[in-house]
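Subject: Structure handover

Hello,

Here is the structure you were to receive, with its sequence. My notes on it follow below.

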Amino acid sequence: MRTYAPADTDAVLARLLQEPSLATAVIHHEVIPPRAAETAPFPAWLDPRIERGLRSRGIESLYTHQAAAIESVRSGEDVVVVTPTASGKTLCYTVPVLQALADDPSARALFLFPTKALGQDQVAELSLLAQASDLPISAATYDGDTPAPIRSAIRTAGQVVVTNPDMLHSAILPHHTKWFQLFEQVRVIVIDELHTYRGVFGSHVANVLRRLLRLCRHYGSNPVIVCASATIGNPAELAAQLTGRSPRLIDRNGAPRGQRHVLLVNPPILDPATGARTSALSHAQRWALPFLRAGRQTIVFGRARTSVEILLTGLRESLREHLGPRSRIRGYRGGYLPTERRSIERGLRDGEILGVVSTNALELGVDIGSLDVAVLAGYPGSVAGTWQQLGRAGRRLEPSVGILVASASPVDQYVIHHPEFLLQRSPEEARIDPDNLHVLIAHIRCAAFERPFEPGEVFGPGPADELLAFIGEEGQVRQASDGRWYWSSENFPASEVSLRAAAPENVVIIDTTPDRPRVLGEVDLFAAQVLVHERAIYIHESVQYYVDRLEWGERKAYVHRVDVDHYTYANRAVTLKPLDVFAEAPAAGGRRVHGEVMVASLVTLFKKLKFGTDENVGWGPIDLPELELQTTAYWVTAEAAAVGWRRDDLDVALVGAGRALQAVAAVLLMVDPRDLGLVSQVRSPHQESPTIYLYEAMPGGVGLSERLFARHDELVAGAAGLIDACSCESGCPACTGPRLDPLVDAKALARRLLTALGASGPAAAAAGPRTARVA
């Protein structure tokens, strides 16, 4: 007997909300009303061929944000377009580029996308519009997969070159003499998915763009820059930091929208004592299945590749048991072949594929057509990422459903209990620091290789002469008699700079399983201590590798493939010493400080933990040298707040409050929690008082600690709110961290300390689902 039948999205949702075991997990249900389109006519100057091409593709007019962006680019003004997923941002730059090529076929455009898949998708889209417009345009992707013969053709004849920052950094800028047609004639530079360029990666990309614009000036071109971004708190500021220019912000969305249901779901607690919850993966599966059985096109997002495979297996098994459309459910993640991914995208567009389970590979703007339901198994890490994933459903004017299922992590728990954070505002900010000394020096080396520096030439914050003299002491550049600085080393500097890490040194991981050993990947020195120490289990693309030896001096780790039932976790002992204070201010219960610190890290032993249960099945020593990291930090002292405390209680309170502060900081600043390290000291030898430090886990920092210092009150209030909202009894991994002593109420102690630091008194914890609120 068939147990599935077609049904409307609204009908399936209504049925699910009548199911008590699911309905009680709904923390918040928001209904976002439909909105009509705001349109504008095609501009009078638009080439008639392009207008015909747009009309042939069903586009009879422009949305107002598209019209504003197109007019600005036409008049030579830089823009940053910030509108939701599926609002037609692509036309904001494809129309001006096609117009420029229609006016002058020798013109060029450069498109930058963060991923290869997105770049290939946009080439296909641009080519289709050009074809419909009868414009013979040569557009091609230039990435690691591009064959050598085609690369040569793109260099000489490519009118639109689509690439990613890594290829621009290592393959285009150092070889600019082969690309002179592009640099001489480039009219438009497009930077899509702007919000992904944050932290260390964004800081590097800003310097790559400095080098790009430096070469454009050398070749006599002055291109317009078009940035497109998902909704973040500071898009204009981020675009200005990345490009060094002041673009016009266009953020009034003119695209239409159907009715959308947004549900925030917290899986039920299994054990109130420990705070253990039902798995987010199994709970997400329960929400997705009824929609799939009803024939509603559904996307389920997992946070990691292993999550995708677990979800996919579970959904297929459930559909097989109930005679559902099992074969029409597919997985999509990195590691799949490009042809396989293209076929899945095509299947989603034409309706052949009913459901897809994906990592955030489908979060960015790859065209997969119109879906009905998006289920997120875990908070994606940012409000922008959440709305991009939720926005995958509802690409028509029909009703759609977006469901965010929280995991037990502190960050997820904070977001799920603060619906207003997702639904009413976008306080998170994408932060970069292009002038981080480590990053800046690396790119000045690359820029000197590309072209000599003139005396007094500005690169970044000011003239580069002082830093060039410093590099010259290492013999890599020299100042000639004409005053110019020339590259004088045999090294190729771009190959030594990874855009994804601040420290220049990485450990290369070599897989010895095949007959010919191959490079598996690389990790920075700090991460290498805990990930690839000898006898570690290193996991890469959900495959396990055993680390046979780590040649620390050579910066190489040798691994072979294994299949075991455990993973390894290394204990890192961290000591911290303040070096300098940049800013200091009084705060409730103590002081808030922003400054420079030295962090010393020593890894001494590792544990073997079983998958699923985290049961400890063994341990071993680690013998590696201590590492030092000079970085920036934000810290809060509690000299007044800690009066009258027992030392043991204060120790527990500092750790618990610190963990809550770390989780909320990651949410507010839109960073991975691992980007911020935590050290708490009952009596700091440097502050003479109890202190919680949050330090940036990259050399020199990228400006995160400065923002935390500025948002201190918000941070303390958020940490208290996170602890209040947690339904555990006395502390758990979702609020104050793992309980070290079952007899100590870590939750109450941490909350008491945060109250003394200025947070308002505990609110009554909500029980059961909140009343649905209609926007």
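Contact here means heavy atoms within 4.5 Å. Helices (H or I, at least four residues) and strands (E, at least two) are DSSP runs, numbered from the N terminus. This is a predicted model, in which local features need pLDDT of at least 70 and side-chain atom pairs count only at pLDDT 80 or more, while totals for chains, interfaces and linings use all residues. Residues are numbered from 1 along each chain as its sequence is written, and side-chain values use heavy atoms, with hydrogens and water left out.

Overall

The protein has 24 helices and 34 strands. Its radius of gyration is 27 Å, close to the 28 Å that the globule rule gives for 775 residues, so the protein is as compact as a globular protein of that length. That radius is taken over C-alpha atoms, and the rule is 2.2 Å times the number of residues to the power 0.38. Along the principal axes, the C-alpha atoms fill a box of roughly 80 × 75 × 60 Å. Of the 775 residues, 56% are buried (under 20% relative accessible area, with exposed being over 50% and partly exposed in between; 1.4 Å probe, protein chains only). Among contacts with a separation of 6 or more, 72% are between residues 24 or more positions apart.

Helix α8 and its neighbours

Helix α8 (residues 165–172) is mostly covered, with 6 of its 8 residues buried. These are P165, M167, L168, H169, A171 and I172. They pack against β5 (108–112), α7 (148–157), β7 (160–163), α9 (180–185), α10 and α18.

The axes of α8 and α10 come within 10 Å and cross at roughly 45°. Axes are lines fitted to C-alpha atoms, for helices over the stretch in contact, and angles run from 0 to 180 degrees between N-to-C directions. The two helices are therefore oblique to each other (angles under 35 degrees count as roughly parallel, over 145 as roughly antiparallel, 65 to 115 as roughly perpendicular and the rest as oblique). On the α8 side, P165, L168 and H169 meet F201, V205, V208, R211 and L212 of α10. By class, this contact of α8 with α10 has 6 nonpolar residues, 1 polar and 1 charged (Ala, Val, Leu, Ile, Met, Phe, Trp, Tyr, Cys and Pro count as nonpolar, Asp, Glu, Lys and Arg as charged, and the others, Gly among them, as polar).

Helix α10 (residues 199–219) also meets helix α18 (residues 437–450): their axes come within 10 Å and cross at roughly 25°. That makes α10 roughly parallel to α18. From α10 the contact takes in S203, H204, N207, V208, R210, R211, R214 and L215, and from α18 it takes in V439, L440, H443, C446, A447 and E450. The contact of α10 with α18 divides into 6 nonpolar, 4 polar and 4 charged residues.

In helix α4 (residues 64–74), 8 of the 11 residues are buried, so α4 is largely enclosed by the rest of the structure. The buried ones are H65, Q66, A67, A68, A69, I70, S72 and V73. Their cover includes β2, β3 (62–63), β4 (79–82), α5 (90–103), β9 (224–229) and β10 (248–250). G76, which follows α4, has a positive phi, near 85°.

D47 sits in the loop between β2 (39–40) and α3 (48–56). It counts as buried, at 13% relative accessibility. Leaving aside residues up to four places away in sequence, D47 touches Q99 and A102.

Regards
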